[in-house]
Amino acid sequence: MENNDLHQFKEGEVIFREGEDSKAAYVLMDGHISLTKEGDKGPVTLALLHPGELFGEMSLLDEGPRSATARAIGEVQVRIIPRSEFLHALENEPATA
C-alpha cells in the first residue's frame, strides 16, 4: 500500500454521497464510518463500519451510482482502492473475491 492511497477525513466529512458515480472502493483503516440512505423522513442508518472493513465496492461491481452516503464519525483514515486495482484483484486473487 502506498501512502498516497491513504486519505484522512474529519468528523462529519462525507467520503461519498448516495447517487454519485463510483471510481473507487475503500478500506477503513482507522475510525468509524456511518452508511446512510435517504428515506421519506430523512437519512436512515444502514451500517456502522469499523477498522478493516471494505466499503463502496458494490457500485464498482454493478457500475451503478452509489447506493448510500458514507460519512466519517470522528477522525477517519481510509485506503482508497481505484476501480482498476479493485477489479484486477478480484480477477487475479481468488481470496479477494
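Contact is taken here to mean heavy atoms within 4.5 Å. The structure is a predicted model, in which local features need pLDDT of at least 70 and side-chain atom pairs count only at pLDDT 80 or more, while totals for chains, interfaces and linings use all residues. Residues are numbered from 1 along each chain as its sequence is written, and side-chain values use heavy atoms, with hydrogens and water left out.

The protein chain contains two helices and six strands, where helices (H or I, at least four residues) and strands (E, at least two) are DSSP runs numbered from the N terminus. In sequence order these elements follow the pattern β-β-β-β-β-α-β-α. The radius of gyration, taken over C-alpha atoms, is 13 Å, close to the 13 Å that the globule rule gives for 97 residues, so the protein chain is as compact as a globular protein of that length; the globule rule is 2.2 Å times the number of residues to the power 0.38. Along its principal axes, the C-alpha trace spans about 45 × 30 × 20 Å. Among contacts between residues at least 6 apart in sequence, 74% join residues at least 24 apart.

The accessible surface of the protein chain comes to about 6100 Å², and 50% of that surface belongs to carbon and sulfur atoms; the areas come from the Shrake-Rupley method with a 1.4 Å probe, and for residues only the protein chains shown count as cover. Of the 97 residues, 35% count as buried, a term that means under 20% relative accessible area, with exposed meaning over 50% and partly exposed in between (1.4 Å probe, protein chains only). The chain carries 9 positive and 18 negative charges, whose mean positions are 6 Å apart. In this count Lys and Arg are positive and Asp and Glu negative, while His and the chain ends are not counted; the place of a charge is NZ of Lys, CZ of Arg, CG of Asp or CD of Glu.

In soluble globular proteins, nonpolar side chains tend to be buried together. A nonpolar core is defined as a set of buried Ala, Val, Leu, Ile, Met, Phe, Trp, Tyr and Cys residues joined through side-chain atoms within 4.5 Å. The largest such core has 14 residues, and those with the most contacts inside it are Ile15, Ile33, Phe55 and Val78. Two or more residues are given to this core by each of β2 (14–16), β3 (24–39) and β6 (69–82), and β3 gives the most, with five residues. Apart from this core lies another, of five residues, among them Ala25, Leu60, Ile81 and Phe86.

Beyond four places in sequence, Ile33 touches residues including Ile15, Leu28, Leu49, Phe55, Ile73 and Val78. Leu49, found in strand β4 (residues 42–49), is buried, with a relative accessible area of 5%. When neighbours within four places in sequence are left aside, Leu49 is in contact with Leu28, Gly31, His32, Ile33, Leu35 and Phe55. By contrast, the C-alpha atoms of Leu49 and Glu93, 44 residues apart along the chain, are separated by 24 Å.

Glu53 is placed in the loop between β4 and β5 (54–55) and is partly exposed, with a relative accessible area of 30%. The C-alpha atoms of Glu53 and His32, which are 21 residues apart along the chain, are separated by 9.7 Å.

Asp5 lies in the segment before β1 (6–9) and counts as buried at 15% relative accessibility. Ile80, in strand β6, counts as partly exposed at 25% relative accessibility, and with the same exclusion of residues up to four places away in sequence it touches Asp5, His7, Ala24, Ala25 and Tyr26. Ile80 and Leu28 are 52 residues apart in sequence and 9.0 Å apart in space, C-alpha to C-alpha. Ser84, which lies in helix α2 (residues 83–92), counts as exposed at 56% relative accessibility, and its C-alpha atom is separated by 8.4 Å from that of Ala24, 60 residues apart along the chain.
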